[in-house]
Amino acid sequence: MEEISDPPNPTREISEPMSEFDPKTMRTTKPGAKRLLITTSVLVCFLLGFPFLWKSVEIYRSPLPFHDIDSLSGQIESSPLQFPCTFHAIFVGFRSMNPSNLRSAILDGVTQFTHRSSGCGSCNFSLSVTVQDPDDHCTETIVRDPSKCSYRCGVIKGNDFGIGLEDAAVDESLNDIFGGCTGHGGKIYSVVVVNKDLGNGEGEVRAVVGKHRHAWIVGSGLEERYGDMVAKVSEIFVKVFMKGGREESSINGEFMPVGSDGKVVLSFNLLNSNPRDWVYDWDFQRIDETLLSPVIKALEPVANISVESQVLYHTPKSSFASWDEKLRSHIFRMSDLPFFVNSNEWHLDTSVGAGGRSKILQFVVYIPSAGECPLQLQLPNGEMSKTNGFISPMWGGVIVWNPANCDKGSGSPARTSIPPQNLEKIFEVFLGQFRQLFGFKSEATYTSGLGTFEILPSERGFTEWELDVLSRQHTCFNLQSCANTLGSLSRLVQSLPRMIIKDEIGEQVKFSLKAAKMAQSNASLGAYGSSASSSREARSLAEDAFFHPSIMSVSYFSFEHCFAVYSPFFLPVSMHVILAALREWKRYKQEKAKYLTSLTRKKTA
Amino acid sequence: MARFSPGSLPVLVLFFSRIFLVPIALGSADVEEFSEELLLKPLSDRKVLAHFHFESQAPPSNSHGRHHHLFPKAISQLVQKFRVKEMELSFTQGRWNYERWGGFDPLSSMNTKPVGVELWAMFDVPLSEVDASWKNLTHSLSGLFCASINFLESSTSYASPTWGFRPNSDKLRYGSLPCEAVCTENLTPWLKLLPCRDKDGISALMDRPSIYRGFYHSQRLHLFTVDSGQEGLDSGIVLEQTLTVVLRPDSGSSKKQIQPSWTLSSLFGRKIFGSCVLAKSSNVYLQLEGLPVHELKSVDQELETNGLWKNAGFELSIEPDRVLQETNSFLFEFDIGEYNDSKPFDLGLTWKLPLKWSCGQAPLHASRFLMGSGNERGAIAISLKLTETYEKFSGGDLGDGPCTLQANIFQVFPWYIKVYYHTLQVFMDQQQRTVSEVVKNITVSPSTDKTSPGVMEMMLELPCRMKSAALSLEFDKGFLHIDEYPPDANQGFDIPSALISFPNHHARLVFHEETSNSPLLSKLKEKSPVRSYTEILLVPLTTPDFSMPYNVITITCTVFALYFGSLLNVLRRRVGEEERLLKSKGNKQGKLLQLLSRISAKIRGRPVESSSSEASSSVMSSNFLLKVMLVAGIAATWQYFSTYM
C-alpha cells in the first residue's frame with residue numbers, strides 16, 4: 001500500500017554525534033528482529049496452512065490397484081493363456097514300432113505346426129503313445145499321471161474300422177471306449193491309427209474326425225509310410241483339435257460375437273420387401289424348439305443365447321439388381337453387397353431384451369418383390385452363390401429366399417407360410433452362417449497339404465472339440481479384453497488427476513482382477529467351464545468400472561476452476577506476505593552489517 | 001456399416017439330417033391381427049377432423065416378446081419386461097377447442113389430451129416395485145420415441161392418483177411434460193410400430209407438412225393386456241395407436257357462409273392407394289354430425305332413392321358402402337380394400353347449401369388461470385361455466401328432486417408451487433359458498449420439497465341451476481437450487497393441465513342398426529365418461545443471477561485480501577523512520593511529481609510554490625490525487641467489464 005521506496009541509504013536510528021560515525025554505513029545498536037519475526041511467522045503460517053487447504057479441496061479418489069492392473073496386462077501379453085490338453089495316439093495293428101520313437105516324432109511334428117503361432121487359447125499339451133500289435137499286445141510310453149485313466153489294451157479291434165461301417169457308429173464306440181476319461185487334467189483328445197488292409201486298392205487312407213474328441217486314420221501299409229502317418233497325426237492334433245480347423249486369417253477371438261456380459265441375442269427377421277406382391281410368414285416357434293434349442297444348449301458354456309423373431313414388411317433392399325437374360329434371374333454382385341442392407345427401412349433393432357451390453361446378431365431372410373424375383377447373389381468368379389446368402393462379421397447374416405416360380409398370382413395376396421422344406425434349408429444356411437460368425441468352417445472336410453480329413457457333423461451345430469476351442473478362445477479373449485479395459489481405465493485415471501473416482505469403481509476393479517486371477521488359475525488346471533465363466537465375469541466387471549456413470553458424467557473438477565475460485569484471495573495476499581517478509585529480511589541483513597561494521601570500528605578505535 | 005469377409009458366400013452342408021417340420025397352420029383363431037381405420041368429420045368452424053385409428057392385437061401366448069408376426073416386438077418386450085397392465089402415452093400439440101370441436105362425444109373424451117407429453121401406466125407388480133418399474137419404463141419409452149420422457153423418472157414429476165384420474169388405480173402412475181415439443185421425430189418411431197408404416201394403406205396419407213400444419217395434433221398410444229384365463233399362458237396385448245389432427249381445408253370459394261368443400265388430396269396432399277394388405281379391415285368413415293336430416297328431406301324429395309350421400313345440402317364424391325345412422329349423426333362407411341394404384345381413393349365432400357350445426361358440449365366449460373402478482377405468491381383459479389346446451393337440458397327436468405351435477409377435478413402441482421389447501425374458496429354465481437356445501441370429497445397429498453409433487457383430487461357436486469362456479473387456491477412460489485433451473489429459467493415454469501371429468505355423463509355413439517366389428521366403431525360405442533383438460537399455466541419464478549456465486553467469491557476474496565494486506569503493512573510500518581526519510585528526500589523530487597504538482601497548482605489557481613518549504617504538503621496532495629485517479633480508473637474498467645461481460 002504505502003510507497004516506501006527501499007532506502008539505499010538507511011537512516012540512523014540514533015543520531016548521537018560521534019566522531020567518524022557515518023550514519024549511512026554504521027549503527028551502534030543491535031537491529032531489532034520484531035517485524036522480521038512477525039512477517040516470517042505470517043509467511044510460515046501460510047506455508048503450513050497450504051497443505052491443509054490442499055487437503056480440504058482434494059476430491060475423492062478411490063485408490064485403484066494400478067500395480068496389479070499393470071502386472072495382469074503384462075502377464076497376459078508376455079505369456080498367452082494356455083490350457084492343458086492331453087493327446088493320446090494309439091496305433092493299432094503295427095508290429096515293429098517303438099512308442100517312444102513315435103512320440104518324439106509326433107512331438108517334432110506338433111512343434112513344427114505350432115511354432116509359428118502359439119496364439120491365445122492354445123494348448124499346453126502332453127502326449128502319450130500306445131502301440132498295439134495285431135496280437136493285442138501293447139507297448140506304451142510312460143504315463144506321467146497315473147490317475148488318468150489309460151487305454152485298456154486290446155479294446156480297439158482292427159475290425160471295428162472297415163468299409164460298410166457307419167462313421168457315426170465308430171465315433172460312438174470310440175467315445176464309449178474313452179468315455180469317462182475326461183479327468184481333471186484338461187480334455188483328452190485321441191487319434192487312433194489303424195493299419196489294416198481295406199482291400200480296395202493300395203494306398204487309400206481315410207482320416208475321419210468325430211464329433212466327440214476322437215479321430216481315426218484307417219489305411220493299409222501304414223507301417224511303410226511312417227513319416228506321412230506321423231505328420232497326419234500331428235496335424236490332426238494341432239490344426240483340428242487345437243485350433244478348431246480354422247484358417248489363420250479367419251475371424252479370430254477379437255471378433256467373437258459375444259457381448260461383454262456374455263449374452264447374445266439372435267434376432268431372426270423375415271423381410272417381405274413388398275407385401276403387395278406376396279406375404280410370407282413362418283412358424284418360428286417350432287423352429288426355435290426343434291432346431292435352435294440344441295445349438296443354444298451346446299453353446300451354453302460360451303454364451304448365454306436368447307432368440308427372437310419378427311416379420312417385417314415394406315423393406316426393400318437399398319441397391320438394385322440387374323436382370324440376366326441367360327440365367328433368367330436378377331443378379332446382385334458381390335461388390336454391391338455393402339449396399340444390400342437397407343438400414344433406413346429395415347428396422348431390425350428395438351430389442352428391450354438385449355439391455356446393457358449384450359450382442360445382437362441379426363439374421364435376415366429377404367424375400368424379394370415380384371419385380372426382382374428370382375434374385376441371385378453372384379460370386380466374384382461369376383458363379384452363383386449356392387446358399388444365396390452372406391454374412392457380415394459381428395453383425396449377422398442375410399439369406400435371399402425366392403418364392404417358388406416367382407408367381408405373383410392375382411388378387412390381393414394372402415399370408416402364406418414358407419414351405420417346411422425350404423425353411424429347413426434356410427435354417428441350415430443360418431447355422432452355417434452362425435458357425436462362420438464364430439470363425440468355424442461350414443464345410444465337413446478339412447483340407448491341407450497332407451490330404452483331406454472328413455469331419456463328422458454334430459446335430460447340435462458344433463462338435464465337442466469345436467466347443468472346446470471356442471471356450472478356450474473365449475476365455476483368452478475375455479481376459480485380454482479385461483486387461484485392456486483395466487489398462488485404459490488406469491491410464492485414464494492417471495492422466496486426469498482431478499477426476500472423482502467412486503469407491504464402487506475401485507471395488508469393481510478389485511473384483512475384476514480377482515476374477516481374472518481365478519480364470520487364469522482355473523485355466524491352468526484345465527477347468528474349461530469355470531475359467532470361461534470367471535473370465536466373463538472379469539470382463540463384464542471391468543467394463544462396468546470403465547463405463548460407470550460417474551466417470552461418464554461431468555465429474556471433472558478442473559484445476560482452472562480451482563484457480564479461479566481461490567486466486568482472488570490468495571494471489572494478492574501471498575504477494576503481500578512474501579514481499580513483506582523479503583523486505584524485512586533484506587533490511588535486517590543490511591542493518592546487521594551496519595552494526596557489525598560499527599562494532600569493528602569500535603574495536604579498532 | 002458391415003464388413004464382408006472374402007469367404008462370404010460359402011458352400012454349405014446339411015448339418016441336420018433328421019428334421020421333421022410339420023406344415024405350419026396359419027389362419028387359426030389365435031393369430032396377431034391388425035386393422036386400420038380413419039374417421040373424418042367436418043367441424044362446425046370450417047375445419048375438418050381426421051382421426052386415424054390403428055389397432056394391433058396379440059393373442060395370449062407364451063412367446064410374447066420373442067416371436068411376432070404383425071405385432072411390434074418392441075412393445076411386446078416392453079409389456080413383458082415391465083409387467084405393464086395398461087398404458088397410455090400421448091404427444092400433443094395445440095389445444096382442443098371444446099366449444100367448437102365438441103366436448104360430449106367419445107372422440108373428444110377419449111382422444112383429447114393436454115399439450116406436451118402425457119403418460120400413465122398401470123403395472124402388474126407388487127406395490128413396492130411400481131416406482132422402479134415406472135422409472136425403467138420411462139427410460140425405455142424415451143429411447144423408443146425419441147422424446148424426453150425420461151424426465152418423468154424423477155419422483156418430483158410423477159404422481160400416483162387414487163381415484164380422481166381413474167377409478168381403482170392403486171398401481172397407477174401419472175406424469176406429464178407440458179413443455180415437450182412434438183414433431184416428426186416422435187411420429188416416425190410411432191409409425192414404425194405399424195406393419196405397413198406409412199408406406200401403404202391409410203397411414204400413407206400422413207404427409208408430415210400437412211399434419212403438422214394443423215390446428216391440433218395428438219398422437220396417442222394406448223395398450224392394455226387381456227387375460228387369457230388359461231393356466232400357463234401369458235395374457236394377450238391390444239395396442240391402439242391413434243392420431244387425431246384438426247386441419248383447415250383451403251376454401252377457394254368466396255362464399256363465406258358455405259362450409260368449405262374438400263377432398264382427401266386437398267387436405268393431406270396425398271391419396272389412399274389401397275389398403276395395407278396386412279390389415280384385417282381397413283375402412284374410412286365420414287361422420288356428419290347434428291345435421292337436420294328432416295330439413296334436408298324436405299328440400300330434396302329424391303333423398304330416399306338417391307341415398308343420403310347425394311342431396312341438396314351436400315354431395316360425396318364416392319358412394320359409401322354403408323350408411324350408419326346414429327342418434328345425432330350419420331356415418332358413411334367406405335371400404336378401401338378394393339382401391340388400388342390405378343384407382344386411388346380420394347373422398348371429397350362438396351357443400352351446396354350453407355348449413356350450420358352445433359356440436360355436443362360437455363356440461364361445464366372449464367378454464368384455469370393465475371391470479372396475483374409478484375414472484376412470491378399467487379393464486380390459481382378454476383372457473384366452471386355451464387354450457388348452453390346443458391343449460392337447456394337442465395332446465396327441462398327441473399321437476400324431479402334436487403338436480404345435481406357431479407364433476408371431478410384432478411390436478412398435479414409441481415413441488416415449487418406450494419399450495420395452501422386451506423385457502424380453498426368456492427364461488428357460485430359470484431357468491432362465496434362454504435367448501436363443504438360444494439366439495440363432497442377431496443383427497444390431497446401435499447407436495448414435499450424436491451421429492452414429490454402435490455396431488456389434488458376433488459369431487460364437486462354442483463346444483464344444476466347455477467350458471468358458473470369458481471374455485472381458488474393460494475400458493476407460495478418456492479425457491480429452486482441453482483442446479484435445478486432449466487436453461488431457459490426466465491421463460492417460466494409450467495403447471496400441468498387439470499383434468500375435469502364428469503363421472504355421471506357418458507359419451508357414446510348409439511347406432512340404430514348392427515355395425516360391423518370394426519375396432520374404431522366398437523371403441524366409439526363404448527361408454528366413456530366425459531372428460532376435458534384445462535389449459536396449462538406458465539408461472540414465473542424468481543430466477544437468480546446465475547453468475548452470482550462467482551461474483552460473491554470474487555468480491556469477498558478481494559475485500560479479505562485488502563484487509564489482510566493493509567493489516568500486515570501496518571504491523572511492519574516504521575512511522576518515525578518514514579518521516580525522517582521524507583524530510584531528507586524533500587529536495588529530490590521526481591520529475592513526474594514535479595509535473596503533477598505543477599498541474600495541481602494550475603488547477604487550484606495558485607502560482608507554483610517554491611519546492612523547498614512546502615514540499616511535503618505538495619507531495620501529499622499529489623499522492624492523494626494519484627490515488628483518486630487510480631480508484632477512478634478501476635471503477636471505469638469495472639463498469640466496462642461488468643456491462644460487457
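User: Which residues lie nearest the centre of the second largest pocket?

Analyst: Rolling a probe the size of a water molecule over the atoms shows where empty space is left. A pocket here is an open set of points on a 1 Å grid over the protein atoms alone, where a 1.4 Å probe fits, with protein on both sides within 12 Å along at least five of seven lines; lining residues have an atom within 4 Å of a point. In this predicted model, local features need pLDDT of at least 70, side-chain atom pairs count only at pLDDT 80 or more, and totals for linings use all residues. Residues are numbered from 1 along each chain, and chains are lettered from A in the order written. The second largest pocket has 35 lining residues, with Phe151(B), Thr156(B), Ser157(B), Leu177(B) and Tyr416(B) nearest its centre.

User: Which strand gives the largest share of the lining?

Analyst: Strands are DSSP runs of E, at least two residues, numbered from the N terminus. Strand 6 of chain B gives the largest share, 4 residues.

User: Where is the cis peptide bond?

Analyst: Look from Cys373(A) to Pro374(A), where omega is near -20 degrees. Pro374(A) sits in the loop between strand 12 (359-367) and strand 13 (375-378) of chain A.

User: And Gln430(B), is it buried or exposed?

Analyst: Buried means under 20% relative accessible area, exposed over 50%, partly exposed in between (1.4 Å probe, protein chains only). Gln430(B) is exposed, at 71%. Its phi is positive, about 65 degrees, although Gln430(B) is not a glycine.

Conventions:
Side-chain values use heavy atoms; hydrogens and water are left out.
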